[in-house]
Amino acid sequence: VTAAVPSASGILNGLYLKISYIPTVKAAPNNFVAFGDSITRFENAAGTVGDINWTPYVPVADSLVFGGGFARDSATSAIVLANAKEMQADVAVCLVGVNDIAGGVSQATTLANVLALKNKVKADKFVLCKIAPYNANTSAALSLNNAYATLAANNGMTLIDPYAAYRQGSGAWTTGASGDGVHPTTTVQAAVASVYRAGIAAALA
């Protein structure tokens, strides 16, 4: 916006000084939604600090906000897909699969459900997470994570591995990272927030 105002010498010499005003526009924060099971479960759009989910630890004031989604205890990929809806979100983050393995769901079905979830939610970007260690069936968990890498590469998804630092070579949790061999501790969830945040940033880049 350009405005003309009298110069310091005023109207005596008929000169005017042009001043250009450039308004400061504050960019709207990016938002993310999440889909998953008990590791992602949240009570409301603000998440629940102190629970076993990761969502409350990821938002950054004025730049990244949490917009809800769907996650509940023992949810399989089919349950998540059935309860998901189209959302106006910059990024959708998906962490499912452990309960599929526990329930004997075929890997092909899990992969198909994740792809269908991406298409149903219609977020601008989609982040697929490798599942956390699962001590009851480490081989199946490692196999699904390898399949997720291929799925992500072939379908425009950003792949992240939030719990890589807490996974032994065998596929099991590192000592002290999980109390039951399935769920990470709250300390771990707070620590991996940076991995989720980096994945969201990479998807938006």
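In this predicted model, the side chains of Arg167 and Asp161 meet in a salt bridge, with an N to O distance of 2.9 Å. Arg167 is buried, because its relative accessible area is 16% and the limit for that class is under 20%. Asp161, by contrast, is partly exposed, with a relative accessible area of 22%.

Asp161 is located in the loop between β7 and α5. Setting aside neighbours within four places in sequence, Asp161 makes contact with Lys130, Arg167 and Val195. The C-alpha atoms of Asp161 and Val195 are 7.7 Å apart in space, while 34 residues separate the two in sequence.

**Salt bridges**

How many salt bridges does the count come to? The count comes to two. Besides the pair of Arg167 and Asp161, there is a salt bridge between Asp73 and Arg41, whose closest N and O atoms are 2.8 Å apart. Asp73 sits in the loop between β4 and α1 (77-83) and Arg41 in the loop between β3 and β4, so this pair ties together parts that are 32 residues apart in sequence. Is Arg41 buried or exposed? Arg41 is buried, at a relative accessible area of 18%.

| Residue | Relative accessible area | Class |
|---|---|---|
| Arg41 | 18% | buried |
| Asp161 | 22% | partly exposed |
| Arg167 | 16% | buried |

**Aromatic pairs**

The count of aromatic pairs comes to six. In one of them, the ring centres of Phe32 and Trp54 are 6.1 Å apart and the planes are at 20 degrees; the pair is therefore stacked, as planes under 30 degrees apart count as such. Phe32 belongs to strand β3 (residues 30-36), and Trp54 to the loop between β3 and β4 (64-71), so the pair links parts that are 22 residues apart in sequence. Both Phe32 and Trp54 are buried.

Phe42 and Phe66 form an edge-to-face pair, with 4.9 Å from centre to centre and 85 degrees between the planes. Phe42 lies in the loop between β3 and β4, whereas Phe66 is in strand β4, so the pair ties together parts that are 24 residues apart in sequence. Phe42 and Phe66 are buried as well.

**Helix α6**

Helix α6 (residues 193-204) has 12 residues, which at 1.5 Å a residue should span 16 Å; the C-alpha atoms at its ends are 17 Å apart, which agrees.

Which residues of α6 are buried? They are Ala193, Tyr196, Gly199, Ile200 and Ala203. These residues cover an arc of only 130 degrees around the axis, so they lie on the same side of α6. In general, an α-helix has 3.6 residues a turn, so residues three or four places apart point the same way.

The buried residues of α6 pack against strands β3, β4, β5 (91-95), β6 (125-129) and β7 (158-160), and against helix α5 (186-191).

Terms used. Residues numbered from 1 in each chain as written. Predicted model: local features only at pLDDT ≥ 70, side-chain atom pairs only at ≥ 80, totals over all residues. Heavy atoms only, no water. Phe/Tyr/Trp six-rings, centres within 6.5 Å; stacked < 30°, edge-to-face > 60°. Helix = DSSP H or I, 4+ residues; strand = E, 2+ residues; numbered from the N terminus. Buried < 20%, exposed > 50% of the residue type's maximum accessible area, 1.4 Å probe, protein only. Expected span 1.5 Å × (residues − 1). Arc of directions from axis to C-beta. Contact = heavy atoms within 4.5 Å. Salt bridge = Lys/Arg side-chain N within 4 Å of Asp/Glu carboxyl O.
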